[in-house]
Amino acid sequence: MKKENSFSRNHVRMVILLVILVLAFIYLFLYDFSRRVDHLMTNMTTEHLADVNEQSQTAVKTELTRVFEEVRYTADFLSETPELTEEARQRVYEQLKEKCGFANIRLVSADGGLYTVGHEALPQSVGGYVEGICRGESGMTDVFLSSVTGQEVFAFYAPVTREKTVEGGIAGIMIVDQMVDMVTTNGFNSGSYSYVLKSDGTVIMQTSHADSLYSGREYFSFLRSDTDMGAEAVSELQKKMERKEKGVFLFTAANEKRIVYYAPAEINDWFVLTVVPYTVSNWYREHIGKTALFLTVKMLILFLAQLAVIILWSRKARNIILDSKEALELEKKKLELALLHSTGTTFEYVPKDDSLSFISPPVVKEVEFPTVLNQISTKGAALGLVAAVDLEKWKMILKRIAEGKEPGPLEFAGGTSFSEDTYFRLSVTPVRGGKGEVAKAIGTLEDITEERRIRRRFAQEEQYRAALLSEAVAMWSVDLVRQQVMACTIHGKDWLEGGKGFLYSGRFIENMCRYVHPADHDRIAGKMQANHMLAAYYTGEREQKELFRATYPGAEDYKWMTCTISLLTEPVSGNPVAFAYVRDVDEETKRKMELMYSSERDPLTGLYNRRNIEEKVEQALKNEDSLSCLIMLDLDGFKEINDKYGHQEGDAVLKKMARILSGAFRADDLIARFGGDEFIVFLDHIPNCECASFRAEEVRRQVYALTLNGEDRIVSISIGIAFGPRDGNTFELLYKHADEALYMAKGRGKNQIAFYGEEEEMTILERPD
């Protein structure tokens, strides 16, 4: 009785000790878990702040770039249309002011004078944009005090020129106090907000936000006086911003804690600050921490439940262990082979009976075999299991098993029961009885038909690669899993040191691409990235070919070359392998380009031909929703020129017409000879309808001034214009409507411009000087 009580007390003590140890382990685990989650969330908050800050920078730069482009385009428009009336110019200034949100538009004269759009003289500005315009420069100033209003402003400016001479310029003025919400942010579910500061702490822009603690102009003064940072910390922050550094700092103001990420904006000396309340980031921290803790506890409970099941199962399994050493050894071998050859068929061979019985289903499910095959060593071929050519190998390996020897794997061709070119790998090991004799053997049959096919294909690819080396500029192969260069030959020279491979890295890719044309460099380097090739391999894209330009070392001219990348499976390791080679295809590529050019162009004028212009306009209309126009031009009296002067002079007039059109329109506008004396011009991304009208009028004026053999006004031109998408969003519709407008111009007496849908004449004949 005393012994039982003593045992009970010891048992209770052990249980208590075990509980204490488990509780201590759980406490240490939760403490470490809390620290790791806190560290992880701090890093995640910082990284997310950096991402939101970068988005804010992008928004600021995108908006300022848009405003600058509007100013520069307006200046170019004024430069190209000096005949604009003062009323039209005032409309242009008003449109620019409205589109960009400028407080004022300023005009600058060639001698440096500053005026309002009403031509009222103003005091000289200290912003530097007047001097910049006089030098023919365009850009954006830093913040400065307006000499008129005394407010802090900054300006966008661009010169107005005529025949490369600066005649003045325009400048858009923005007031800093009105720059609210240009910088936008959606981070932390719109819980963050941003500032744009100069490096001295002057606020230029800011986001209006309910949680913002400061809306003034001197941010550093706010940090010194209203937060817990202190003057020394603020001074250190200012020095970092002067050094163009980026980072994170925290402050508390009015019992509100904030996390701030700052980074240079790459505009003047401006910085973008992204601010998030600590309560917002702390909510994410607590939420993720609770979720992770809940999942961890669930996993721990599941683990303990599984452990309990395993313990109970092991107690029951202890009573059903195999009764004999032979049976135990047999099951052990079965398990080892099943794990080693999980994709094959497991079988049992009895040397005494020369019989084979399948433990798992055959490797080829379409073929049915009896559960037990007798006289397998002599009748393997007759049973359709082994091809006759490999029957002797089959007999030899079974004989070695009967002798107690453990043979290596045997590869053999399948017999008549299988389809042609079916191959297997036989792996077998003997199982000895209690007296040491071989009672049975356990083996596996694995279908290696696909493996052999891959090996044959790889060997063929090796032969193909060897043939390519004679004409390849460069060749290399890479194991994409191990990231290792296995071969590299450039201009016939082997670059592997001592036959050993080296790491396939960004440096290797950069070295291979250093002679590639800058316009093609990023595309070719991207195709060579290991992750890109792996993605192509697993999606079945086993060959890629890229055309690019590159120079030979020491040469200056670029040649056309192709890089072909073949993605294969290495037969031994099974890893994806990339084989790439580069060929010089300069001559054949240039021949193809010449043929393509001749197929697209009119042979007389060098302009696009009819078929090509239809395709290009149709494609442009599909990709764009902006204002565009189709201009149809038809020479008046061209038949009389051919009749009077001959077709040679008529061709000369057509060539002059082509030169006039090429000079009057932008380089990326589409110009074509549509047939005979008819031409077509397509303009997209135009700011307004007047722009197309001015261009067309310039063409009409120059054609009217053409002379031949000293005679004046040999020819004129009629022009019809239709605008997209207003008058049509396909080539067919625009052409039909522009043709109707051209017919209207011809009906009014020719030498005129008409717009589709207009009732009255838009342009009058230009009178001779």
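Welcome! In this predicted model, five strands form an open sheet in the order β26-β27-β25-β28-β29, with mixed pairing. Strands pair if DSSP finds at least two bridges between them; helices (H or I, at least four residues) and strands (E, at least two) are DSSP runs, numbered from the N terminus. Local features need pLDDT of at least 70, side-chain atom pairs count only at pLDDT 80 or more, and totals for chains, interfaces and linings use all residues. Residues are numbered from 1 along each chain as its sequence is written, and side-chain values use heavy atoms, leaving out hydrogens and water.

- β26 (670-675) and β29 (753-755) are the edge strands, each pairing on one side only.
- From one strand to the next, the twist averages 20°.
- β28 (residues 716-724) pairs with β29 in the parallel sense over three bridges, and G720 stands opposite A754 in β29.
- Helix α16 packs on the sheet, touching β25 (628-636), β26 and β27 (678-684); contact means heavy atoms within 4.5 Å.

**Two helices that meet**
- The axes of α16 (residues 610-623) and α20 (residues 731-747) come within 9 Å and cross at roughly 110°; axes are lines fitted to C-alpha atoms, for helices over the stretch in contact, and angles run from 0 to 180 degrees between N-to-C directions.
- α16 and α20 are therefore roughly perpendicular (65 to 115 degrees).
- α16 contributes E614, V617, E618 and L621 to the contact, while α20 contributes F731, E732 and L734.

**The whole protein**
- The protein has 20 helices and 29 strands.
- Of its 769 residues, 43% count as buried (under 20% relative accessible area, 1.4 Å probe, protein chains only).

Terms used:
Angles under 35 degrees count as roughly parallel, over 145 as roughly antiparallel, 65 to 115 as roughly perpendicular and the rest as oblique. Buried means under 20% relative accessible area, exposed over 50%, partly exposed in between (1.4 Å probe, protein chains only).
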